[in-house]
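These are my notebook entries on one protein model.

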Amino acid sequence: MIILTIRSDKPEAELGVYEDNKRLAYTAWLAHRELAETIQQKIDDILTEQGKELADVQGIVAFQGPGSFTGLRIGLTVANALAYALDIPIVATSGEAWLEQGCKALKNGRNDRQAVPEYGSLPHITPPKS
């Protein structure tokens, strides 16, 4: 099973490509405020380097938080859109062992259908300026 992993809860975003338990590729980059502009190209790059394309991905594991509101929102939106478009399962996990837990859950047939973020606290919403 080819698995794409996405972590976007902090300024340094991470992507991985796994075949079952074996890591084929990993990349991290300082995405910070450019995550929305860079994540799709980084996904394409990491897959291409392995001789793969999106159609080869059979599952997605995404880090669901806690973390940056905007980072999680962008990363999980991309993960959900890919899972939906490719009609593949998606699993969202958190904690230190998020990756191992997510890959194991995928292999055991789990499909969250939609990765939902856990921000860790209530959002800090500022009132509109009058």
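Entry 1, helix and strands. I looked up where helix H2 (residues 69–86) lies, and found that H2 lies across strand S1 (2–7), strand S4 (59–63) and S5. H2 runs at about 165° to S4. I took helices (H or I, at least four residues) and strands (E, at least two) as DSSP runs, numbered from the N terminus. Axes are lines fitted to C-alpha atoms, for helices over the stretch in contact, with angles from 0 to 180 degrees between N-to-C directions. Contact means heavy atoms within 4.5 Å.

I note that the model is predicted: local features need pLDDT of at least 70, side-chain atom pairs count only at pLDDT 80 or more, and totals for chains, interfaces and linings use all residues. Residues are numbered from 1 along each chain as its sequence is written, and side-chain values use heavy atoms, with hydrogens and water left out.

I read the strand order of the open, five-stranded sheet as S3-S2-S1-S4-S5, with mixed pairing; two strands pair if DSSP finds at least two bridges between them. Strand S3 (22–30) and strand S5 (90–93) are the edge strands, each pairing on one side only. Direction ignored, neighbouring strands of this sheet are turned by 15° against each other on average. Strand S2 (residues 12–19) and S3 run antiparallel and are joined by eight bridges. I looked up Glu-19 and found its bridge partner in S3 to be Lys-22.

A nonpolar core is a set of buried Ala, Val, Leu, Ile, Met, Phe, Trp, Tyr and Cys residues joined through side-chain atoms within 4.5 Å, where buried means under 20% relative accessible area with a 1.4 Å probe, protein chains only. The largest such core has 27 residues, and Leu-4, Ile-6, Ile-43 and Ile-60 have the most contacts inside it. H2 gives the largest share of this core, six residues. A second, separate core has 11 residues, including Ile-3, Tyr-18, Leu-99 and Ala-105. I then listed the contacts of Ile-60 beyond four places in sequence; among them are Leu-4, Ala-79, Ile-88 and Leu-106.

Entry 5, whole protein. I counted three helices and five strands, in the order β-β-β-α-β-α-β-α from the N terminus on. The radius of gyration is 15 Å, close to the 14 Å of the globule rule for 130 residues, so the protein is as compact as a globular protein of that length. This radius is taken over C-alpha atoms, and the rule is 2.2 Å times the number of residues to the power 0.38. Buried residues make up 41% of the 130 residues.

Conventions
Buried < 20%, exposed > 50% of the residue type's maximum accessible area, 1.4 Å probe, protein only.
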